Amino acid sequence: MKIIDFLEMLFPRSGDKKSSFKAKERLQMVLAHDRATITPDLISSMRREILEVVARYVDVDIKEMEFGLENNQRITSLIANLPIRQVKRPGNEKIKSKVSADTFSGVDNTSPPEQPLSEK
Amino acid sequence: MSRIIVITSGKGGVGKTTVTSNLGAAIANLGRKVALVDADFGLRNLDLLLGLEERVVYTALDVLAGECRLAQALVKDKRLNGLVLLPAAQNRNKESVEPEQMKTIITALAKGYDYIIVDSPAGIELGFRNSIVAAKEALIVTTPEIAAVRDADRVIGLLEAEGVSKINLIVNRIKPHMIEENKMMSVEDVLELLGVPLIGVIPDNEAVIVSTNKGEPLILGDPGSLPALAFKNIAQRLEGEKVPFLNFASDQGNILTKLRRIFGG
Ligand SMILES: Nc1ncnc2c1ncn2[C@@H]1O[C@H](COP(=O)(O)OP(=O)(O)OP(=O)(O)O)[C@@H](O)[C@H]1O
Ligand SMILES: [Mg+2]
């Protein structure tokens with residue numbers, strides 16, 4: 001047992017210990033929405049239409065997909081993660097793709113989104 | 001060229017007036033001519049924090065009404081050469097001042113002072129608009145709390161929309177022992193969320209309250225204290241000097257956090 005574990009046992013930290021992470025996480029969400037001035041309605045119709053287009057080319061796993069706004073350094077981005085179940089190919093419908101790909105640029109936080117929705 | 005800086009936050013009670021008075025005193029202490037403008041009409045407090053309340057004769061409203069000249073309304077701080085206060089009216093309707101009038105007064109003040117620092121009221125209504133109308137720069141005051149950070153973000157957006165592009169952040173009321181236990185967002189967290197440059201960090205400290213009790217800015221009463229140093233550093237950064245940020249962690253926190261730090265908790 002490490003000394004720190006022993007200390008933890010003697011003086012357990014209170015249950016609210018990691019509340020700062022919670023605060024930051026909640027703020028990231030709320031600021032994204034505050035900044036974007038995009039209504040939930042608008043988001044859902046955008047989601048629907050984008051899915052329509054993507055579905056023409058690939059089979060998207062709707063249950064696993066993520067779609068929403070995210071914030072980084074005063075730039076709000078639309079983040080979409082659409083796991084692909086199968087690529088639709090004309091003439092060869094049966095080939096399965098194992099890729100669970102990020103369909104948009106800007107899906108991960110490291111590469112900047114092609115076009116931020118709104119920039120303050 | 002004088003610098004017109006608004007101190008604002010969105011959320012109330014996070015330390016705007018505390019920052020205005022102490023930063024104003026710290027800049028004057030560096031030998032600059034500083035005019036502090038109380039834009040919190042109806043709820044003025046800047047005179048109290050500076051200990052100048054008994055010497056207020058005229059207010060900005062009297063100047064606008066033509067009842068006195070601007071110079072007559074300015075209260076000179078006898079302890080600090082170059083520091084003056086333009087008081088807000090306390091008794092009259094706060095809706096009685098318009099942004100254009102505020103702009104006229106501040107522009108006139110700018111002729112005689114190096115710094116015009118405007119203490120904004122809480123909120124984003126008329127009083128806020130009055131306080132930012134002439135500003136070229138803004139210092140956003142926030143605490144590491146969720147509502148304060150959200151409101152700060154809102155105000156930053158409004159300032160950017162008004163063309164105030166030089167915006168810096170002051171994080172006030174930092175409690176190092178809470179941050180160490182992850183019970184409070186760190187300065188880095190707040191910075192990452194808000195995405196504007198940091199210009200100052202101020203600890204949550206009893207000396208701040210003691211200094212307001214006495215009506216004596218920290219730089220005069222307790223210049224060696226940590227918060228006094230924090231304000232002095234902000235003043236120097238405004239002057240363009242590179243001053244490292246204070247690290248409050250080393251000598252604070254309870255015995256347990258210290259032990260955790262030692263044993264890598
Ligand atoms: N760093 C600090 N340490 C301890 N107390 C502080 C600190 N900063 C501010 N305070 C206290 O917090 C209270 C609110 O501060 P202050 O009046 O400066 O806030 P404000 O933003 O101007 O409020 P309002 O929105 O009402 O104008 C005061 O009692 C003040 O003494
Ligand atoms: Mg105030």
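Guide: Gladly! A salt bridge is a side-chain nitrogen of Lys or Arg within 4 Å of a carboxyl oxygen of Asp or Glu. This is a predicted model, in which local features need pLDDT of at least 70 and side-chain atom pairs count only at pLDDT 80 or more, while totals for chains, interfaces and linings use all residues. Residues are numbered from 1 along each chain as its sequence is written, chains are lettered from A and ligands numbered from 1 in the order in which they are written, and side-chain values use heavy atoms, with hydrogens and water left out.

Visitor: How many salt bridges does the structure hold over all chains?

Guide: Side chains of opposite charge can pair when their charged atoms come close. Counted over all chains, the salt bridges number 12.

Visitor: Which residue of chain A meets Asp189(B) in a salt bridge?

Guide: Asp189(B) lies in helix H9 (residues 187-194) of chain B and its partner in helix H2 (residues 19-36) of chain A, so the pair joins two chains. Helices here are DSSP runs of H or I with at least four residues, and strands are runs of E with at least two, numbered from the N terminus. The N to O distance is 3.2 Å, and the partner is Lys24(A).

Visitor: Are Asp189(B) and Lys24(A) buried or exposed?

Guide: The words rest on relative accessible area: buried means under 20%, exposed over 50%, and partly exposed in between (1.4 Å probe, protein chains only). By that scale, Asp189(B) and Lys24(A) are both buried.

Visitor: What is the relative accessible area of Arg79(B)?

Guide: Arg79(B) forms a salt bridge with Asp77(B), their closest N and O atoms being 2.9 Å apart. Asp77(B) is buried at 5% relative accessibility. Arg79(B) is partly exposed, at 36%.

Visitor: Which residue pairs with Asp47(B) in a salt bridge?

Guide: Asp47(B) is buried, with a relative accessible area of 5%. The N to O distance is 2.9 Å, and the partner is Arg44(B).

Visitor: Which residues of chain B does Ser20(A) contact?

Guide: Ser20(A) is found in helix H2 of chain A and counts as buried, at 2% relative accessibility. Contact means heavy atoms within 4.5 Å. Leaving aside neighbours within four places in sequence, Ser20(A) touches Asn182(B), Lys183(B), Met184(B) and Met185(B).

Visitor: How far apart in space are Glu100(B) and Asn130(B)?

Guide: Glu100(B) lies in helix H5 (residues 99-110) of chain B and is exposed, at 53% relative accessibility. Along the sequence, Glu100(B) and Asn130(B) are 30 residues apart. From C-alpha to C-alpha, the distance between them is 7.9 Å.

Visitor: What is the radius of gyration of chain B?

Guide: Chain B has 13 helices and 8 strands. Its radius of gyration is close to the 18 Å that the globule rule gives for 265 residues, so chain B is as compact as a globular protein of that length. The radius is taken over C-alpha atoms, and the rule is 2.2 Å times the number of residues to the power 0.38. For chain B, the radius of gyration is 18 Å.
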